[in-house]
Amino acid sequence: MSKRHFGLVMMIIGILAVALGFGLSSYNMWENYRAGIQAYTVLDDVVRHREEVTETNTSVTLPGLPLDSARELPILEMDGHRYIGTVSIPVIDVELPVQEDWSLALLKISPCRYLGSPYNGDLIICAHNYATHFGRLKNLIPGDEVIFTDVKGNAFDYTVVELETLAGTAVEEMESGSWDLTLFTCTLGGQTRVTVRCDLLKNDEA
C-alpha cells in the first residue's frame, strides 16, 4: 500500500471514529433527555396523588415517630408501574419518583428501590447515572440533606454521612451496614458504583 493510500485509509478511519463518538454522545444526550421527561411527568402525578391523600388526612404531623418494620409500604400504581414515593436531594436540585422494584428497563424511567424500606431503616435506592437522575451523586458531601417521601405523604429526612466507591460485583458490601438510606449509581465506565450512605434525622407522618 502506497503512502498516499495509507494516509487516505487513516483519514477515513479518523472520520469514522469522530462520527461514532458524535453518535454515541448524541445518543447519551437523547437518553438523558428522555429519561428526564419520563421521570418528571411521573413525578407530577405522584405528587398530585400525595397532595390529594394528605388533604383528606386529618391526623396531626408528629416528628420523630419510631420506625416500624411491620408497617407496609404504600404503593401507587400508574400506567402499569408501581411507585413507593419520591426522593429529593435539594443541594443538587433533584426530585424524582421511586419505583417499588428495579430492573434495567424500569431504571430508564426513574430511580428504583433496590432493597429495604424506610420503615425498617434500611432503604436502598438505585438509579442510572443520567444527569437528570443520579448522575450528580458524586457531588454530595457529608451533611447534605436527602428526603424520601412515600405516596401517602410520610416524609423521612436523612443526612449524608459518607460517600464510597464500590465494585459493581460488591453486592454484599452494598447491602451491609446499618445505614438508614443508601443511594447508588454507576460511574461513567459502569465498572464501579458511586454509593451515598445516609442516616435518618427524623420522620414525619402525614
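**Entry 1. Two phenylalanines**

I began with phenylalanine 148 and phenylalanine 156, and I found that both are buried (under 20% relative accessible area with a 1.4 Å probe and protein chains only; over 50% is exposed, and in between is partly exposed). The model is a predicted one, in which local features need pLDDT of at least 70 and side-chain atom pairs count only at pLDDT 80 or more, while totals for chains, interfaces and linings use all residues. Residues are numbered from 1 along each chain as its sequence is written, and side-chain values use heavy atoms, with hydrogens and water left out.

**Entry 2. The chain as a whole**

I noted three helices and ten strands (DSSP runs numbered from the N terminus: H or I of at least four residues for helices, E of at least two for strands). Along the sequence I read the pattern α-β-β-β-β-α-β-β-β-β-α-β-β. The chain has 206 residues, and 41% of them are buried. Of the contacts (heavy atoms within 4.5 Å) with a separation of 6 or more, 63% join residues 24 or more positions apart.

**Entry 3. Aromatic pairs**

How many aromatic pairs does the whole structure hold? My search found four, where rings of Phe, Tyr and Trp (its six-membered ring) pair if their centres lie within 6.5 Å, and planes under 30 degrees apart count as stacked, over 60 as edge-to-face and the rest as tilted. Tyrosine 119 and phenylalanine 156 form an edge-to-face pair, at 5.4 Å centre to centre with 70° between the planes. This pair links distant parts of the chain, 37 residues apart: tyrosine 119 lies in the loop between β5 (112-115) and β6, and phenylalanine 156 in strand β8. I found tyrosine 119 and phenylalanine 156 both buried. I then returned to phenylalanine 148 and phenylalanine 156: their ring centres are 6.4 Å apart and their planes stand at 45°, so this pair is tilted. I also recorded one aromatic cluster, formed by Trp102, Tyr114 and Phe184.

**Entry 4. Nonpolar cores**

I looked next for nonpolar cores (sets of buried Ala, Val, Leu, Ile, Met, Phe, Trp, Tyr and Cys residues joined through side-chain atoms within 4.5 Å). The largest has 26 residues, and Ile89, Ile125, Phe134, Val146 and Leu183 have the most contacts inside it. Two or more residues each come from β3 (81-89), β4 (94-99), β6 (123-126), β7 (145-150), β8 (155-167), β9 (181-186) and β10 (192-205). Another core, of ten residues, lies apart from it and includes Leu106, Cys112, Tyr114 and Phe184.

**Entry 5. Leucine 181**

I located leucine 181 in strand β9. Leucine 181 is buried, with a relative accessible area of 0%. Leaving aside neighbours within four places in sequence, I found leucine 181 in contact with Leu123, Ile125, Val146, Tyr158, Val196, Arg197 and Cys198. Its C-alpha atom is separated by 9.1 Å from that of threonine 159, 22 residues apart along the chain.

**Entry 6. The second largest pocket**

Which residues lie closest to the centre of the second largest pocket? Among 16 lining residues, I noted Trp102, Tyr114, Phe184, Cys186 and Arg193 as the closest. On a 1 Å grid over the protein atoms alone, a pocket is an open set of points where a 1.4 Å probe fits, with protein on both sides within 12 Å along at least five of seven lines; lining residues have an atom within 4 Å of a point. At least two lining residues each come from α2 (104-107), α3 (171-175) and β9, and β9 gives the most, with three.
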